[in-house]
Amino acid sequence: MTLGIDRNTTFARLQERLESREGRGLSLFLIHVSRLRQLNRSLGYRAVGGLLNELEERLMRVARDPERVERIGNADYLVTLDGLMNRGHAQLAALKMLDELSKPLQREDRLYHLDAAIGIWMAMEGDAGDAETVLQQLEWAITEARQAPEKYALWDGEKDEPDTRLTDWDIENDLRQAADRGELSMFYQPQQDLASGEISGAEALIRWRNGDRGYVRPDIFIPIAERSALIEEVTRWTLHTVLREMEALPNLPQISINLSVQVLQQGIVEDLRSALSLWSVDPARVVLEVTESAVISNLEQAVDALRELRALGVGLSIDDFGTGYSTMTYLRQLPATELKIDRSFVDNMLHFSMDEHIVKSLIHMARGAGLRTVAEGVENEETRQRLQQLGCDVIQGYHLARPMPLEDCSRWLEDRLRT
Ligand code: C2E
Ligand code: CA
Ligand code: CA
């Protein structure tokens with residue numbers, strides 16, 4: 001890795017790369033790591049420095065050459081790759097980097113999560129670009145990336161503004177055929193009621209096993225589906241698969257299904273109604289999860305559909321709660337039955353008193369509104385106990401069980417009933 005926090009060095013090196021590329025493809029990735037301030041405060045600079053070193057090593061592994069990774073600011077890195085053929089490849093590289101960066105970092109016996117966003121710039125045929133302009137365009141892209149759900153964005157040299165529509169990205173095409181090829185499946189992750197100790201439900205999580213790529217994580221392909229009408233097909237497939245598979249899980253009181261906000265339109269109410277009747281599932285056994293931030297950013301469109309869905313008799317859970325606006329004003333407009341406390345708070349609550357305080361107030365707030373609380377991402381016994389003390393209703397996380405294929409989940413439930 002080269003340390004180029006000195007701006008002149010960064011400039012000079014970038015200029016040299018741009019000039020010497022001689023028609024070969026050159027792709028630049030500006031990576032911004034967030035949440036560092038918060039960590040500096042609680043861990044100290046030295047410890048955070050150690051975490052950053054590990055991040056850098058991960059980037060170097062993706063880049064395959066330390067010389068291609070340059071730290072250009074306190075929380076910014078510039079990765080230079082050549083030989084990427086098209087935008088799809090550049091996006092694949094960005095996804096790989098995000099994947100690496102999102103893995104938790106261990107410091108002594110604690111795990112930390114950092115958030116990252118990536119702005120991408122690709123040299124177009126013929127244009128050399130000067131370092132100054134290129135860095136400016138990368139800044140545009142990174143600003144876009146930080147707001148995009150997929151956390152990356154590409155500067156499109158042919159337009160005046162960055163483009164996040166991924167035209168030559170074949171993951172979209174592959175996904176279109178995934179259901180027909182039998183590559184999609186649902187995994188189930190159990191939830192436990194803390195007061196009774198009983199298994200109270202499970203969350204259904206989609207998995208895509210692609211022939212060439214292996215398992216593709218939903219947080220990579222769902223945002224791609226959400227940008228096109230594809231999400232509607234994926235949702236219909238999910239609803240039917242889960243409701244059909246519930247027959248194999250007779251001991252499971254409830255099932256939670258994730259819905260993207262893009263599908264909250266008239267059609268979804270009909271889709272759910274017909275799936276419920278086709279598979280003869282009692283609506284009281286179904287909970288729909290929508291994320292707080294997505295609902296709030298589309299409040300008017302979402303609320304009507306959510307009310308109609310609730311009217312079918314299903315429950316409604318507000319997912320990733322606490323990461324959005326989470327004010328009572330918004331909450332009161334939503335016909336929710338459950339709040340799902342975001343994993344990031346649960347994860348850190350034993351180490352940071354602020355996070356524990358947030359969890360405590362969220363539980364308190366939910367109680368006041370008559371809503372059930374589910375804590376997700378519970379990874380150890382201490383966290384489970386602390387949540388119980390705080391009055392949380394339900395937990396979900398690796399501590400109880402990982403998401404499992406249908407057969408495994410069914411066996412897991414039977415084993416638990418037997419003991
Ligand atoms: P989510 O709804 O917040 O789902 C919880 C995620 O946390 C899941 O990741 C789950 O595997 C993971 N998880 C569960 N317990 C633990 C734990 O103890 N520790 C850690 N570190 N992680 C845990 P997954 O399955 O990769 O799903 C990611 C996201 O993709 C979901 O986030 C959800 O937003 C979306 N998603 C998944 N399935 C569907 C689906 O069928 N439809 C839609 N629209 N979105 C889906
Ligand atoms: Ca969820
Ligand atoms: Ca969640």
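**View 1. Strand E2 pairs with strand E7.** In this predicted model, eight bridges link E2 to strand E7 (residues 115-122), and the two strands pair in the antiparallel sense. Within this pairing, Asp 115 of E7 stands opposite Ser 34.

**View 2. Strand E2 also pairs with strand E4.** E2 and strand E4 (residues 76-82) run antiparallel and are joined by seven bridges. Thr 80 in E4 is the bridge partner of Leu 28.

**View 3. Burial of strand E2.** Strand E2 spans residues 26-34, and eight of its nine residues are buried, so the strand is largely enclosed by the rest of the structure. Buried here denotes under 20% relative accessible area.

**View 4. Polar contacts of ligand 1.** An oxygen atom of ligand 1 lies 2.7 Å from a polar side-chain atom of Arg 343. Asp 319 places a polar side-chain atom 3.0 Å from an oxygen atom of the ligand. In the side chain of Gln 189, an N or O atom is 2.9 Å from a nitrogen atom of ligand 1. Ligand 1 taken alone exposes 810 Å², of which the protein buries 86%.

**View 5. The shell around ligand 1.** Two or more residues of the shell come from each of strand E9 (184-193), strand E10 (199-210), helix H7 (218-226) and strand E14 (315-321). E10 gives the most, with four residues. Of the 21 residues around the ligand, those that come nearest are Gln 189, Arg 207, Arg 343, Glu 379 and Tyr 398. The shell comprises eight nonpolar, six polar and seven charged residues.

Conventions: Residues are numbered from 1 along each chain as its sequence is written. Chains are lettered from A and ligands numbered from 1 in the order in which they are written. This is a predicted model: local features need pLDDT of at least 70, side-chain atom pairs count only at pLDDT 80 or more; totals for chains, interfaces and linings use all residues. Side-chain values use heavy atoms; hydrogens and water are left out. Buried means under 20% relative accessible area, exposed over 50%, partly exposed in between (1.4 Å probe, protein chains only). Two strands pair if DSSP finds at least two bridges between them. A residue is near a molecule or strand if one of its heavy atoms lies within 4 Å of it. A polar contact is a pair of N or O atoms within 3.5 Å; within protein, one must be able to donate a hydrogen and the other to accept it, and residues adjacent in sequence count only if both atoms are side-chain atoms. Accessible areas come from the Shrake-Rupley method with a 1.4 Å probe; for residues, only the protein chains shown count as cover. Ala, Val, Leu, Ile, Met, Phe, Trp, Tyr, Cys and Pro count as nonpolar, Asp, Glu, Lys and Arg as charged, and the others, Gly among them, as polar.
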